Amino acid sequence: MILAGSGAGVLARSVARRLGLRSSPVRVERFPDGELLVRLPSRLPREVALFQSFHAPVQERIVEAIFAAAAARAAGARRIDLVAPYFPYLRQDRAFRAGEGVSHRATARLFSAWFDGVVIVEPHLHRTPTLDELFAVPARAVSAAPVIAAWLRRLGRHVLVVGPDQESVRWARAAAALAGCETRILSKRRLSPSRVRVEVSGLPDLAGRDVVLVDDILSTGRTLVEAAKGLRARGARTVRAAAVHGLFAPGALAALRRARVPVVCTNTVPGPAARLDVAPLLAAVLGQQ
Ligand code: R5P
């Protein structure tokens, strides 16, 4: 049985339909003081999968998922898997300044305490190469490359796929390879949470080229906007972008529109640009378990 958390309702129901499974929503109510109450059916089968995507409000969705796991256990579930189309806090994978918390490990530990297994679509793995190093329970990463590649193939093999920073090597190369496109990787320096500098030197002449930026996460949109500016300055004819997780922090959509960067995302996070469907990928993975 699939339990549909507030952040992944549509995707949970779609995967349940594909697998011929029942689904039930996680009902969330709020007490007058702001605390949350989670309600599930009072009897559940032994095995359930909780779908939750951790986009804003991220802290509330974390609390909801943990309370839902506790309620599922009380309702008879003996094995509870977390299916996270978007899993949060993986980018803070080291203390960038003294005293900062390393949130990727802390978050993984928290979920390991409540779930028996974890499935995550395109986790942001950079300095920690595998999920097994983070989670104490079996954890599986699902690459979104096939759906990005299918979209790239519709544009044509002539497009140049560009990853905007060193971290994007994994996802940009994987999608480009499946689509048969050439890839280049840029380098980026983050000056603050909302300011980045993207270096485009070392690229071939882009005169007349159609370029597609491929990244895993779109938050403020600054990475894509700055990369697009650099690519246009080197002659690119068109620049568009694909991101797996479209978080769209306030102002991101407007910034991308001003920079004339059309963007498409997967539906790991619901939103206006979420046009690439990962439900078949998740159904295939869950169908094997
Ligand atoms: C981090 O390096 C990620 O791969 C993305 O490049 C980053 O999260 C994008 O953030 P923003 O849209 O705020 O530039």
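Good morning. I shall begin with the overall division of the chain. The model is predicted, and its chain is divided into domain 1, which covers 2-143 + 278-287, and domain 2, which covers 145-267. Taken over C-alpha atoms, the centres of domain 1 and domain 2 are separated by 28 Å. To the contact, domain 1 gives 16 residues and domain 2 gives 15 residues.

The largest nonpolar core holds 40 residues, and the members that touch the most others are Val-15, Phe-51, Ile-148, Leu-152 and Leu-282. At least three residues of this core come from each of domain 1 and domain 2. Another core, of 34 residues, lies apart from it, with Val-26, Leu-50, Val-118 and Ile-120 among its members. As general background, nonpolar side chains in soluble globular proteins tend to be buried together.

Which residues does Leu-152 touch, if those up to four places away in sequence are not counted? They are Val-159, Val-161, Ala-175, Ala-176, Ala-179 and Val-212.

Leu-152 also belongs to the buried residues of helix H4, residues 145-155, together with Ala-145, Val-147, Ile-148, Ala-149 and Trp-151. Just after H4 comes Gly-156, which takes a positive phi of about 120 degrees.

Helix H4 packs on helix H5, residues 169-179: their axes come within 8 Å and cross at roughly 50 degrees. H4 and H5 are therefore oblique to each other, and the crossing is right-handed. On the H4 side, the contact is made by Ala-145, Pro-146, Ile-148, Ala-149, Leu-152 and Arg-153; on the H5 side, by Ala-174, Ala-175, Ala-176, Leu-178 and Ala-179. For the spacing of such positions, recall that an α-helix has 3.6 residues a turn, so residues three or four places apart point the same way.

From H1, Leu-11, Ser-14, Val-15, Arg-18 and Leu-19 take part; they meet Ala-279, Pro-280, Leu-282, Ala-283, Leu-286 and Gly-287 of H8.

H2 passes H3 in a left-handed crossing. Ile-62, Ala-65, Ile-66, Ala-69, Ala-70 and Arg-73 of H2 meet Leu-110, Phe-111 and Trp-114 of H3.

I come now to Trp-171, which is placed in helix H5. Is Trp-171 buried or exposed? Its relative accessible area is 3%, and because buried means under 20%, Trp-171 is buried. Apart from neighbours within four places in sequence, Trp-171 is in contact with Glu-122, Pro-123, His-124, Leu-125, Val-214, Asp-215 and Asp-216.

Although Glu-122 is not a glycine, its phi is positive, at about 35 degrees.

This leads to the remaining backbone details. Most residues other than glycine have a negative phi, and most peptide bonds are trans. Arg-260 is another non-glycine residue with a positive phi, near 55 degrees. Arg-260 lies in the loop between helix H7 (252-258) and strand E15 (263-266), and at 57% relative accessibility it counts as exposed.

Finally, which peptide bond is cis, with omega near 0 degrees? It is the bond from Ala-56 to Pro-57. Pro-57 is found in the loop between strand E5 (47-51) and H2.

Thank you for your attention.

How values were computed. Residues are numbered from 1 along each chain as its sequence is written. This is a predicted model: local features need pLDDT of at least 70, side-chain atom pairs count only at pLDDT 80 or more; totals for chains, interfaces and linings use all residues. Side-chain values use heavy atoms; hydrogens and water are left out. A nonpolar core is a set of buried Ala, Val, Leu, Ile, Met, Phe, Trp, Tyr and Cys residues joined through side-chain atoms within 4.5 Å. Buried means under 20% relative accessible area, exposed over 50%, partly exposed in between (1.4 Å probe, protein chains only). Domain bounds come from an automatic or database domain assignment. Contact means heavy atoms within 4.5 Å. Helices (H or I, at least four residues) and strands (E, at least two) are DSSP runs, numbered from the N terminus. Axes are lines fitted to C-alpha atoms, for helices over the stretch in contact, and angles run from 0 to 180 degrees between N-to-C directions. Angles under 35 degrees count as roughly parallel, over 145 as roughly antiparallel, 65 to 115 as roughly perpendicular and the rest as oblique. A crossing is left-handed if the near helix is turned anticlockwise from the far one by less than a right angle, and right-handed if clockwise.
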